[in-house]
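Biologist: I am new to this one. Could you take me through it, one part at a time?
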Amino acid sequence: MEPTLIRFILRHSLRQQISVVILTLVSFPFLYYSLDLPKTIINQAIGGKNLPKEVFGVPVDQVGYLMFLSGVFLLLVFVNGGFKYAINVYKGRLGERMLRRFRYELYARILRFPLGHFRRVSQGELIPMVTAEVEPLGGFIGDAIAQPIFQGGTLLTIVVFMFIQDPILGAAAISLYPIQGYIIPKLQRKVNRLGKERVKAVRKLAEQIGESVSGVQEIRANDNARWQLARFTSQLGIIYDIRFEIFKRKFFVKFLNNFINQLTPFFFYAIGGYLVIKGDLSFGALVAVLAAYKDLASPWKELLDYYQQKEDNRIKYEQIVEQFAPEGMVDESLTAPDAEAVPRLEGPLQTSGLTLIEDDGKAVLESVSLTLPLEGLKLAVVGPEGQGKDQLAMLLARLVMPSSGQIQIGGRDLLSLPISVTGRRLAYVGPNAYIFSSSLRDNLLFGVMHRPVVDIDYGGDDAAKAGRRRREAEFAGNSIDDPRSDWIDRDEVGTADDTGLRDRLCRLLERVDLETDVYHLGLRGTVDPARRPDIAECLLDARRSLRERLAASDLAHLVEPFDRGSYNSNATLAENLVFGTPIGNAFDLERLAEHPYVIQVLDRMGLTDTLIDTGRKVAETMVELFADLPPDNPFFDQFSFISADDLPEFQALLGRVGRETPSAMKPEDRIRLLSLPFKLINARHRLGLIDETLQHRIVEARGIFAASLPDDLKRGIEFFDPERYNAAASLQDNVLFGKLAYGQAQAATRVGQVVTEVLDKMGLRTVVLEVGLDFPVGIGGSRLTQAQRQKLAVARGLLRRPDLLILNQSISALDGAAQGKLLTQVLEEADGRAVIWVLSRTQWARHFQRVIVVKGGRVVEQGTYDELDRPGSALTELLKQD
Amino acid sequence: MSLAEEVALLKSIPLFAKIEPSKLKLLAFTSERLAFDPDQPLFRQGDPGDAAYIVIDGEVSISIDAPAAPEGRIELAKLGRGAIVGEIAILCDVPRTATVTARGKTVTLRISKDLFFRLITEFPQIAVEVMRELAHRLENTNLQLREARAGKPH
């Protein structure tokens, strides 16, 4: 990256800058003429002096001439406006392109930072640099060359004019410029230094905010907010002081400038007046010079402003660039665009004198020399925590560069292999492998997405748009790859088509013991029947099949199916009335009593008052049951329809309405009471308030609700229909198509088993898994457990079929038994590939054909497990501590 | 069965006979009514104990694991309507000491650990009834032990 802003500008936008200058210069005569024209209009057309007889051969009178000149003036207004518009747009685009390029370069550099650097800089510092801090550069870059040329040129013209009038006066006019030119930058330097400090202080602030966001749980759990606020305040104080100092100095510079500018007329009056009195200078010339001097002020001011801006931006640029050039960046040659064919890594893995020295000068690994045949290698690396086994794994994965020493695979220098080889033929899975905020599938495929394999084919207009986007990206030196292309390298997965890929993913899920988890996520997921009509159809079959299975077994009473003609006593009254799954916000089942359309339907059925009466009975029962309980009793949350806070209100409400008929109640009381019965589940609450008559009428109301639903609400609900797939409901609910019966022991487990059996029998397990793979894992995989995240990362490493798989304590979050099982399964799956596994528990080493013990930064023992498992060995020592 | 009927039923069980109806209603409302199919276990020996069950309808069989016995277990008792089972595990915080299985279609009231403790602290009558029940069982066990000793030739 260019070390200075001006070099960056010249290197990437010289031609555009020249265009801006040329455009500016071309606009100049028009501007000049538009300034000159009013004089002609006033003197000639209005004053009537030297009236031409004709214009372009057409005879004109005075009024006609005036109109002609006014027309020309109007035209010039357009032309000048047009020029200004065109120049500004051009400059704006230029600035944006350069900004885009700069941001891209910064981001690309982040990707090449040495890993250790991330221990020193935080997200909080990096993010504002790439986002906010660079923003003003875009505005400046458009002006970077044109502005000084334009303003400088204007200044020079005026100065030359003055010199022509009178050299002495000319000299007087610019006599103070050298002083300004000397003092101002000096003062400015101080401001610049403060500017640098300000940027740093703001970064610190950003860092603190970032840290507070990450640690908010600890802050609250330790009642530490006050200290945080104090720290934040002190940081704000520092920024305040700096900014205030900047203001003082900036305005002082301005003051000085103004003062000096005002000083020059003093010379004019004194020297010019003297010359006029002496007769060496004509009075007219003095006036002309004075007028010219007035015009001089504006470009001079602009130039000084430009200078200040330039300095601001120069510092910003240099400071950012400095932050983005840490020691030990991944060499650009290693990240060079990849070759199509990536050679396999074969032959022995050899390290010699491998040494890694940390920042503090401490050697974490010292002259490690190993020779390992790669073929069929199954190597366990064991050792005490923090004595080098971690670093050895990262060195072998080439994630960290050694301070000295060599790593070779099959005679090839691993350290100089491009990432397109190490990042494909090697796989590294660390203990805290990052999970990206996307779907499970994307996270798995992440490991085989190195470059677009098949470019996306946009049709028609979209193709033109995409072409434009691509050209623009190219112009700004950005990536021209389209993230929407197909990036999945199927060769690496070892499969030709999507079915193979899916099977491979499912197999890996099973191998890392994630299959059941993903299956259950799939059951809770949704399928869009428009996109996958085949799946929807299969699931409808499964629904029928489940119904038959249940009917044939003695489990039929565990599920109450949805039936349009009958009341479902295991569903709430609200669900019974709406009889569908709400989509979006059109219907909120929790607040159905407030919905105007619902009220309209109930009114039509004459049900409103009945339900309000039911609501009154619910309220009475709740008050009777819960009135004596203390408000913090958990029963309120678990059982009551009315929260402890609302209970007194309902008590008052009941007292107020007494035995009144619903129609005599106040509207807000009616709504409050009406909201209660909607939550009733007959089978669960057993209050006996929804008798058969009421049930029949609700079912009738259900019919009316659906039949007269206005068009705009139709999209707000997906009705239960035995012959239709419900896109809004989960896959499981679609197959079940009913409610689990309350009060039946283990209904969910027993029915769940049958559902699984049915789906498996129909060959739908992969379909469910596919839906489960779409599960969004949340930021940093936060919706998964730590163990699930680790398993996912291992599967990601396996998917690629690497020549060498390096696992660094990658399943440490699992419990002991699960670790042992997973370890053998992964080793089986990686059969035929080299595996180096840094173990968190020494005992698993017996599953490996070779073992090395790393202790105190050195390899202290190596051999087979049996060789090392003898009294007094380092391995035995470790086994004891296990 | 509605809540009102359930209250009437609870009232007829000695354990709850002396409790005022409004409290029984709360008990009925907050405890889960659970139906078990024939031979379905309420809980198994060794499971963690999280609730006690009151048999409302049907009969349950109480047995302990005994690998030497013909079916791998020995039936200790059959209990019918009104009996309480599973209270030992939640009183003593130990795993289930026996397996309880529904003999026919059985309906129970599941009383969670929290609710159970609230009940016996708030209603001494229930505590007394639970004690009486436990004492009965101890007496039974003693009797069986005596019989077993007597039956064995010295």
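Biologist: Is A:S367 buried, exposed or partly exposed?
Modeller: This is a predicted model. In it, A:S367 is partly exposed, because 15 other C-beta atoms lie within 10 Å, and a residue counts as buried only at 20 or more and as exposed at 12 or fewer.

Biologist: Where is A:S367 placed?
Modeller: A:S367 sits in strand 4 of chain A, residues 363-372. Its phi is positive, about 25°, although A:S367 is not a glycine.

Biologist: And A:D223, which loop holds that residue?
Modeller: A:D223 is in the loop between helix 8 (216-221) and helix 9 (225-278) of chain A. Its phi is near 45°, a positive value in a residue other than glycine.

Biologist: Is A:D223 buried or exposed?
Modeller: A:D223 counts as exposed, because it has 8 C-beta neighbours inside 10 Å.

Biologist: Let us turn to sheets. What is the strand order in the open sheet of 6 strands in chain A?
Modeller: The order is 8-15-16-5-17-18, and the pairing is mixed. Strand 8 and strand 18 (858-863) of chain A are the edge strands, each pairing on one side only. On average, neighbouring strands of this sheet are turned by 15° against each other, with direction ignored.

Biologist: How does strand 8 of chain A pair with strand 15?
Modeller: Strand 8 and strand 15 (residues 804-808) of chain A pair in the parallel sense, over 4 bridges. A:L426 has A:L804 as its bridge partner in strand 15, and A:Y428 has A:I806.

Biologist: Are the faces of strand 8 of chain A covered or open?
Modeller: Both faces of strand 8 (residues 426-429) are covered. A:L426 and A:Y428 are buried on one side, and A:A427 and A:V429 are buried on the other.

Biologist: Now helix 18 of chain A. What length does it reach?
Modeller: Helix 18 (residues 533-552) has 20 residues and reaches 29 Å from its first C-alpha to its last, close to the 28 Å expected at 1.5 Å a residue. Its buried residues are A:A536, A:L539, A:A542, A:R543, A:L546 and A:L550. Seen down the helix axis, the buried residues fall within an arc of 110°, so they line one face of helix 18.

Biologist: Why would such spacing give one face?
Modeller: An α-helix has 3.6 residues a turn, so residues three or four places apart point the same way.

Biologist: What do the buried residues of helix 18 pack against?
Modeller: They pack against strand 11 (559-561), helix 28 (731-736) and helix 29 (747-761) of chain A. On the other side of helix 18, the exposed residues include A:P533, A:D534, A:E537 and A:E548.

Biologist: How many residues does each chain give to the contact?
Modeller: Chain B gives 17 residues and chain A gives 11. On the chain B side, helix 1 (3-11), helix 2 (21-30) and strand 1 (32-36) each give two or more residues. By class, that side has 8 nonpolar, 4 polar and 5 charged residues.

Biologist: Lastly, what is the order of the 4 strands in the open sheet of chain B?
Modeller: The order is 2-7-4-5, with antiparallel pairing. Strand 4 (residues 60-65) and strand 5 of chain B are joined by 6 bridges, and B:D65 stands opposite B:R73 in strand 5.

How values were computed: Residues are numbered from 1 along each chain as its sequence is written. Chains are lettered from A and ligands numbered from 1 in the order in which they are written. This is a predicted model: local features need pLDDT of at least 70, side-chain atom pairs count only at pLDDT 80 or more; totals for chains, interfaces and linings use all residues. The expected span of a helix is 1.5 Å times one less than its number of residues. The arc is that of the directions from the helix axis to the C-beta atoms. Two residues are in contact if their C-beta atoms, placed from the backbone, lie within 7 Å. Two strands pair if DSSP finds at least two bridges between them. Axes are lines fitted to C-alpha atoms, for helices over the stretch in contact, and angles run from 0 to 180 degrees between N-to-C directions. Ala, Val, Leu, Ile, Met, Phe, Trp, Tyr, Cys and Pro count as nonpolar, Asp, Glu, Lys and Arg as charged, and the others, Gly among them, as polar.
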